[in-house]
Amino acid sequence: MGFTDAPIICNSPLGFDAGAASQSNTVCISDPSLTWRSVTTELSSQLAMFGEIARIDSSFIPTMKCLLVTYYDVRAAQHAIALLAGHCGPFPPNDDDFRTVRVTSEGVSLVTANGGVKSFGD
C-alpha cells in the first residue's frame, strides 16, 4: 500500500490551528483504509525517504485514521507535506520535540581560509 491510496488529508484532527503547526517537525498522514495498523519496516522505509525519523506514533490510527510522524529536521517534514499533498499535513509538535545541541568553546577550533586554525569566537 502506497501513500497515494489515502484519499484525504489529515487536517489536525484535534482541532489545532494548522498555521501554528506549519513549522512543526511532526506531520499527520491520513490512513482512511486503516492499512497501517502497526509500524512495519516497510512503512518506516517509506517514511524515511523524506528524512531521518525521530518518532512514529500510530495511536491515532484506530480513532482518527491517521499516523503521526516526527522528523528530526523540519525540512524533512515540509518535504513530506509537499510530496504527499492531499494526504499529509502539519501537526503541532509534542512538548518533548524540542532539540538543541550544546557546544562549549573549549577545544573547538575552526580552519581558516588559508588552512590555518583559529579559535572559536575569534
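Trainee: Which residue is the bridge partner of Asp 57 in E3?
Mentor: The partner of Asp 57 is Leu 68. The strands E2 and E3 pair in the antiparallel sense, over four bridges. Two strands count as paired if DSSP finds at least two bridges between them. Strands are DSSP runs of E with at least two residues, helices are runs of H or I with at least four residues, and both are numbered from the N terminus.

Trainee: What kind of model is this, and how are residues numbered?
Mentor: It is a predicted model, in which local features need pLDDT of at least 70 and side-chain atom pairs count only at pLDDT 80 or more, while totals for chains, interfaces and linings use all residues. Residues are numbered from 1 along each chain as its sequence is written, and side-chain values use heavy atoms, with hydrogens and water left out.

Trainee: Back to the strands. What order do they have in the sheet?
Mentor: The order is E2-E3-E1-E4, in an open sheet of four strands with antiparallel pairing. Strand E2 (53-57) and strand E4 (88-91) are the edge strands, each pairing on one side only. On average, neighbouring strands of this sheet are turned by 25 degrees against each other, direction ignored. Axes here are lines fitted to C-alpha atoms, for helices over the stretch in contact, and angles run from 0 to 180 degrees between N-to-C directions.

Trainee: How many bridges join E1 and E3?
Mentor: Five bridges join E1 and E3, in the antiparallel sense. In that pairing, Cys 28 stands opposite Leu 68 in E3.

Trainee: And what does Val 27 stand opposite in E4?
Mentor: Val 27 stands opposite Pro 90. Strand E1 (residues 26-30) pairs with E4 over four bridges, in the antiparallel sense.

Trainee: Which strands does helix H1 lie across?
Mentor: Helix H1 (residues 41-48) lies across E1, E2 and strand E3 (66-71), and runs at about 130 degrees to E2. Helix H3 (residues 74-83) lies across E1, E3 and E4, running at about 145 degrees to E4. Contact, in this setting, means heavy atoms within 4.5 Å.

Trainee: How many residues of E3 are buried?
Mentor: Six of the six residues of E3 are buried, so E3 is largely enclosed by the rest of the structure. Buried means under 20% relative accessible area, exposed means over 50%, and partly exposed is in between (1.4 Å probe, protein chains only). Cys 66, Leu 68 and Thr 70 point one way from E3, whereas Leu 67, Val 69 and Tyr 71 point the other way.

Trainee: Where is Asn 25?
Mentor: Asn 25 is in the segment before E1. Its relative accessibility is 13%, so Asn 25 counts as buried. The side chain of Asn 25 reaches the backbone nitrogen of Val 74 at 3.5 Å.

Trainee: New topic: how many aromatic pairs are there?
Mentor: The count comes to one aromatic pair. Phe 60 and Phe 91 form this pair, which is tilted, with 6.0 Å centre to centre and 55 degrees between the planes. Phe 60 lies in the loop between E2 and helix H2 (61-64) and Phe 91 in strand E4, so the pair ties together parts that are 31 residues apart in sequence. Rings of Phe, Tyr and Trp (its six-membered ring) pair if their centres lie within 6.5 Å; planes under 30 degrees apart count as stacked, over 60 as edge-to-face and the rest as tilted.

Trainee: Is Phe 91 buried or exposed?
Mentor: Phe 91 is buried, with a relative accessible area of 6%. Phe 60 is buried as well, at 17%.

Trainee: Which side chains meet in a salt bridge?
Mentor: Those of Asp 73 and Arg 75 do, at 2.5 Å, N to O. A salt bridge is a side-chain nitrogen of Lys or Arg within 4 Å of a carboxyl oxygen of Asp or Glu. Asp 73 is partly exposed at 27% relative accessibility, and Arg 75 is exposed at 60%.

Conventions: Polar contact = N/O pair within 3.5 Å; in protein donor to acceptor, adjacent residues only side chain to side chain.
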